[in-house]
Amino acid sequence: MLRILYFTTFAALVLGQSGVAPLGDVQTRVVGGSVTSPNAWPWQVSLRVQSSTCYNHVCGGVLIKTNWVLTAAHCVSGIAVSLVVLGEHDLTASERKEQFFGVSAIYIHPSWNSDLTAGNDVALIRLTSNAILNSYVQLATLPPAGQILSGNTACYVTGWGFTQNGGFLSAQLRQASLPSVDYATCSSSTWWGAAVKTTMICAGGAGTAAGCNGDSGGPLNCVVGGRYVVHGLTSFVSTAGCNTIRKPTVFTRVSAYLSWVQGITG
């Protein structure tokens, strides 16, 4: 049986003096959220790395085809992700809904250069076999190419993890409401400024809820046309704190990279 190793300490990686911290380091957390109903987000993926006989959760991901997962580039750049888990809810229990897959190939966007504020924080993982779709494992709905979310769209970030700065990893998948923030506001000098690019999405920023370290690669699920559409992949937050006011969680904008995704996955 696979075992999950919990880390009890965390050291955020600061990139230069940018005040930006990636969300894929060691563990995940959703600040200001709540535990979801089991398998409420059936396209949510858990990416694991092996340590001895344990497989440690390091990042989230999104199932977009039966054998393809979309995630953040910094989740797989220099990190030996070797196990992909679908249908997961409780990391500490076998619920007989999980599907486990090895990694066949990893494709990182060619313009990714490890600078989160430069963008292109997106990657694809090809699974060793096809997932079985059911009520626990489903494909995400992606937006049309180029689509831009309007401000204050209802969105949710999902992931496993700490509910505040410090603490322990949450055993169960959590969600937090993060309304989208329009680009003009998010890129203004009192918000993120030039750190945010047009290929990104901001969500949150009220200081009450946020994605946080390790949630990287997981989905920003937004209500569009009466259904949930994955518009973003969790990318980075402020080193001042995950739920810092006017420093919303920043996501890779999926609609900006669909041509690249389609070119790889066919």
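This report walks through the disulfides, aromatic rings, cavities and a few backbone details of the structure above.

## About the model

The structure is a predicted model. Please keep that in mind as you look around.

## The disulfides

A disulfide is a covalent bond between the sulfur atoms of two cysteines. A search of the whole structure turns up four disulfides. If you count the bonded cysteines along the chain, they are joined in the pattern 1-2, 3-7, 4-5, 6-8.

Take the link between Cys-59 and Cys-75, where the sulfur atoms are 2.1 Å apart. The torsion about its S-S bond is about -85°, so this disulfide is left-handed. Cys-59 belongs to strand E5 (residues 54-65) and Cys-75 to helix H1 (residues 73-76), so the bond ties together parts that are 16 residues apart in sequence.

Cys-186 and Cys-202 form another disulfide, with 1.9 Å between their sulfur atoms. The angle about the S-S bond is -80° here, and the link is left-handed. This pair connects distant parts of the chain: Cys-186 sits in helix H2 (residues 183-186) and Cys-202 in strand E14 (residues 200-203), 16 residues apart. Cys-186 and Cys-202 are both buried.

Now turn to Cys-212 and Cys-242, which are joined by a disulfide with an S to S distance of 1.6 Å. With 60° about the S-S bond, the link of Cys-212 and Cys-242 is right-handed. Cys-212 is part of strand E15 (residues 210-212), while Cys-242 is in the loop between E17 and E18, so this bond ties together parts that are 30 residues apart in sequence. How buried are the two ends? Cys-212 has 0% relative accessibility and therefore counts as buried; Cys-242 is buried as well, with a relative accessible area of 3%.

## Aromatic rings

Next come the aromatic side chains. A pair of aromatic rings is described by the distance of the centres and the angle of the planes. The structure holds six such pairs. In one of them, the rings of Trp-41 and Trp-43 have centres 6.1 Å apart and planes at 75°, so the pair is edge-to-face. Both Trp-41 and Trp-43 are buried.

Trp-41 also pairs with Tyr-156 in a tilted arrangement, 6.0 Å from centre to centre and with 40° between the planes. Trp-41 counts as buried because its relative accessibility is 6%, while Tyr-156, at 23%, counts as partly exposed. Ring pairs bring Trp-41, Trp-43, Tyr-156 and Tyr-228 together into a cluster.

Another ring to look for is that of Trp-192. The charged end of Lys-247 sits over this ring, 5.9 Å from its centre.

## Cavities

How many cavities of 30 Å³ or more does a search of the whole structure find? There are three. The largest cavity holds about 50 Å³ of space.

Its lining includes Leu-116, Asp-121, Met-200, Phe-236, Phe-251 and Tyr-257. Strand E17 (227-238) and strand E18 (249-253) are the elements that each give two or more residues to this lining. E18 gives the most, with three residues. By residue type, the lining of the largest cavity divides into six nonpolar, five polar and one charged.

## Two backbone details

Finally, take a look at two loop residues. Ser-52 has a phi near 60°, a positive value in a residue other than glycine. Ser-52 is found in the loop between strand E4 (44-51) and E5, and it is exposed, with a relative accessible area of 62%.

Asn-152 is not a glycine either, yet its phi is positive, at about 65°. Look for Asn-152 in the loop between strand E10 (123-127) and strand E11 (155-160). Is Asn-152 buried or exposed? With a relative accessible area of 63%, Asn-152 is exposed.

Definitions and conventions. Residues numbered from 1 in each chain as written. Predicted model: local features only at pLDDT ≥ 70, side-chain atom pairs only at ≥ 80, totals over all residues. Heavy atoms only, no water. 1 Å grid on protein atoms, 1.4 Å probe; cavity = no way out; pocket = protein on both sides within 12 Å on 5 of 7 lines; lining within 4 Å. Points joined across faces, edges and corners; volume = space filled by probe spheres on them. Helix = DSSP H or I, 4+ residues; strand = E, 2+ residues; numbered from the N terminus. Nonpolar A, V, L, I, M, F, W, Y, C, P; charged D, E, K, R; others polar. Disulfide = S-S within 2.5 Å. Buried < 20%, exposed > 50% of the residue type's maximum accessible area, 1.4 Å probe, protein only. Phe/Tyr/Trp six-rings, centres within 6.5 Å; stacked < 30°, edge-to-face > 60°. Lys NZ or Arg CZ within 6 Å of the ring centre and 35° of its normal.
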